[in-house]
Amino acid sequence: SSPPAPPWANQSSGREFFLLGFAHVPALRPLLAALFLAMFLLTLLGNALIVLLTALDPALRAPMYFFLRHLALVEICFSLDIVPRLLVTLLRPGRGVSPAGCALQLLLVLSCVTSECFLLTAMAWDRYVAICRPLRYGAIVSPRLCHLLAATCWLAGVPVSLVFTVWLFHFPFCGPRGIRHFFCDIAPLLSLVCADTRVFEANVLAATVLVIMVPFCLIAVSYTKILATVLQMPSATGRHKALSTCASHLIVVVLFYGTTGVIHLRPKASYSPESKQVVSLSYTLVTPMLNPLVYSLRNKEVKAALGRLCCSYQGSGCHE
């Protein structure tokens with residue numbers, strides 16, 4: 001007798017979608033689940049620690065740490081949206097996702113990616129003013145402006161994600177409802193639509209350029225000016241410190257913008273869904289885990305704040 005059809009191939013199984021993340025490597029699923037769970041816990045721990053330190057420690061009151069706190073909060077939201085469902089997909093393959101659940105996940109993914117793009121730009125601008133305009137830094141980067149920028153970064157993602165999610169889910173989906181990805185994203189959902197999506201794709205491209213490429217260019221300009229300023233510094237130690245900081249920031253920026261750009265600039269590109277899954281891992285799992293390490297835990301002030309926090313918990317057992 002022929003093997004039973006997978007649930008996603010059965011059109012009578014209701015309107016549910018089925019995430020087929022890493023279905024091409026079934027033997028590796030338990031190992032991948034363990035690896036992704038470890039990365040998820042590290043991401044939550046690292047980012048929660050940054051939120052805690054920047055909120056509680058009086059020495060971390062500079063605008064840079066204010067933006068870091070918001071970046072860490074975005075990473076926590078992003079990870080909570082992606083990873084739990086990814087783990088379920090790996091450990092319980094064949095479990096369906098309702099259209100509302102899929103739409104909500106897409107909405108949050110697009111919103112978080114947009115917010116992160118803008119926050120990284122705000123952070124690059126903050127570093128540019130601090131290094132290239134140090135005497136006017138306090139006057140330019142005021143607490144009021146920081147709060148306004150942070151609110152804009154958080155809210156900017158909402159209309160963009162809402163428009164594209166509602167628009168995409170208004171298209172008719174036909175045939176098997178297996179999504180060849182580990183989360184509900186525009187590209188794998190588009191492949192299930194049986195309608196002309198050229199106008200939608202053109203708008204996705206325009207939004208991607210606006211949300212990803214424009215901020216990336218602004219970051220590139222900021223860091224180019226920072227490097228030009230740093231190279232003119234008389235102190236070799238100062239130059240080395242500024243260059244190492246810029247280099248680590250740029251690694252995260254290139255990793256995040258490069259991979260999100262590859263995925264969203266060509267949503268119906270010819271390369272396989274399996275290769276897209278691997279590329280997507282870098283901005284959904286790797287970048288959120290690396291950000292606390294790259295941006296903060298290499299920073300002496302953050303390390304000192306962490307030491308003070310540990311001391312305060314140890315109480316009398318720790319002496320200054």
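The structure holds two cavities of 30 Å³ or more. A cavity is here a set of points, on a 1 Å grid over the protein atoms alone, where a 1.4 Å probe fits but cannot get out. Grid points are joined across faces, edges and corners, and a volume is the space filled by probe spheres set on the points. The model is a predicted one, in which local features need pLDDT of at least 70 and side-chain atom pairs count only at pLDDT 80 or more, whereas totals for chains, interfaces and linings use all residues. Residues are numbered from 1 along each chain as its sequence is written, and side-chain values use heavy atoms, with hydrogens and water left out.

At least two lining residues come from each of helix 1 (29-56), helix 2 (63-91) and helix 9 (273-297). Helices (H or I, at least four residues) and strands (E, at least two) are DSSP runs, numbered from the N terminus. Helix 2 provides the largest share of this lining, with four residues. Sorted by class, the lining comprises six nonpolar, two polar and one charged residues; Ala, Val, Leu, Ile, Met, Phe, Trp, Tyr, Cys and Pro count as nonpolar, Asp, Glu, Lys and Arg as charged, and the others, Gly among them, as polar.

Helix 1 also contains Leu 53. Leu 53 counts as buried because its relative accessibility is 3%; buried means under 20% relative accessible area, exposed over 50%, and partly exposed in between (1.4 Å probe, protein chains only). Leu 53 and Phe 200 are separated by 147 residues in sequence and by 43 Å in space, C-alpha to C-alpha. The loop between strand 1 (17-19) and helix 1 holds Phe 22. The phi angle of Phe 22 is near 60°, a positive value in a residue other than glycine. With a relative accessible area of 5%, Phe 22 is buried.

The salt bridges come next. The count is three, a salt bridge being a side-chain nitrogen of Lys or Arg within 4 Å of a carboxyl oxygen of Asp or Glu. In one of them, Arg 308 pairs with Asp 57, and the closest N and O atoms are 2.9 Å apart. This pair links distant parts of the chain, 251 residues apart: Arg 308 belongs to helix 10 (residues 300-314), and Asp 57 to the loop between helix 1 and helix 2. Arg 308 is partly exposed, at 35% relative accessibility, while Asp 57, at 8%, is buried. Asp 126 and Arg 127 also form a salt bridge, at 3.1 Å from N to O, and both residues are buried. The salt bridge between Asp 196 and Arg 198 has an N to O distance of 2.8 Å; Asp 196 and Arg 198 are both exposed.

Leu 205, Val 209, Leu 210, Val 214 and Leu 218 make a nonpolar patch of about 410 Å². Patches are made of residues with over 30% relative accessible area and no salt bridge, like charges being joined within 9 Å and nonpolar side chains (Val, Leu, Ile, Met, Phe, Trp, Tyr) within 5 Å. Accessible areas come from the Shrake-Rupley method with a 1.4 Å probe, and for residues only the protein chains shown count as cover. Leu 205 is placed in helix 7 (residues 198-231). Its relative accessibility of 37% makes Leu 205 partly exposed.

Terms used. 1 Å grid on protein atoms, 1.4 Å probe; cavity = no way out; pocket = protein on both sides within 12 Å on 5 of 7 lines; lining within 4 Å.
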